[in-house]
Amino acid sequence: MKQAFELIASTDWTTMEPGIHELDGKDIYVNVMERELKQKPDAKLEIHNEHIDIQVLIRGEGGVLRLRASAGSSRSRWANSASRMTSSSSTTCRRPITRCVRGSLRCFSSSDGTPRMVGEGTVRKIIVKVRK
């Protein structure tokens with residue numbers, strides 16, 4: 001993890017080409033992304049398997065739908081949450097949003113589901129993947 005945070009702090013992410021950049025093979029790598037933000041009903045949940053994600057917003061602004069499993073939750077419960085998030089129900093659309101601005105950092109492990117960023121426009125972000 002120390003190596004990942006050193007990479008985050010020492011790199012100019014505004015000029016790096018989008019794509020996958022390996023630091024330590026498949027054990028530590030970064031995905032530099034420029035993406036259109038999703039609308040709330042289209043924000044699907046990603047469930048992590050092998051890596052811890054460290055996500056940093058480099059440019060733009062958006063929000064993240066708040067969702068977290070309770071302690072001891074099973075992966076099948078996350079899958080059920082993911083199914084609910086992908087529906088266009090009004091419940092999905094009313095989920096609270098955590099605002100993300102340039103420099104925001106979020107970490108997710110295999111016990112977390114990662115909701116997509118929502119909002120208007122395009123963002124540039126990095127996702128540093130660290131194998132557990």
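Trainee: Which exposed residues sit on the face of α1 turned away from its buried side?
Mentor: K2, A9 and S10. Keep in mind that this is a predicted model.

Trainee: And which residues of α1 are buried?
Mentor: A4, L7 and I8. They span an arc of only 100° around the axis, so they lie on the same side of α1.

Trainee: What do those buried residues pack against?
Mentor: Four strands: β1, β2, β4 and β10.

Trainee: OK, the core. Which residues touch the most other members of the largest nonpolar core?
Mentor: I8, W13, V30, I54, I126, V128 and V130, out of 13 residues in that core. The elements giving two or more residues to this core are α1, β2, β4 and β10.

Trainee: What does W13 touch, leaving out residues up to four places away in sequence?
Mentor: L7, I8, V30, V32, I58, R124 and I126. Another core, of six residues, lies apart from the largest one, and its members include L37 and V123.

Trainee: Switching to strands. Do β1 and β2 pair in the parallel or antiparallel sense?
Mentor: Antiparallel, over five bridges. I20 stands opposite N31 in β2. The two strands, β1 and β2, form a hairpin with three residues between them. In the turn, G25 has a positive phi of about 55°.

Trainee: How many bridges join β2 and β10?
Mentor: Nine, again in the antiparallel sense. V30 has V128 as its bridge partner in β10. Both V30 and V128 were on that core list too.

Methods:
Residues are numbered from 1 along each chain as its sequence is written. This is a predicted model: local features need pLDDT of at least 70, side-chain atom pairs count only at pLDDT 80 or more; totals for chains, interfaces and linings use all residues. Side-chain values use heavy atoms; hydrogens and water are left out. Buried means under 20% relative accessible area, exposed over 50%, partly exposed in between (1.4 Å probe, protein chains only). The arc is that of the directions from the helix axis to the C-beta atoms. Contact means heavy atoms within 4.5 Å. A nonpolar core is a set of buried Ala, Val, Leu, Ile, Met, Phe, Trp, Tyr and Cys residues joined through side-chain atoms within 4.5 Å. Two strands pair if DSSP finds at least two bridges between them.
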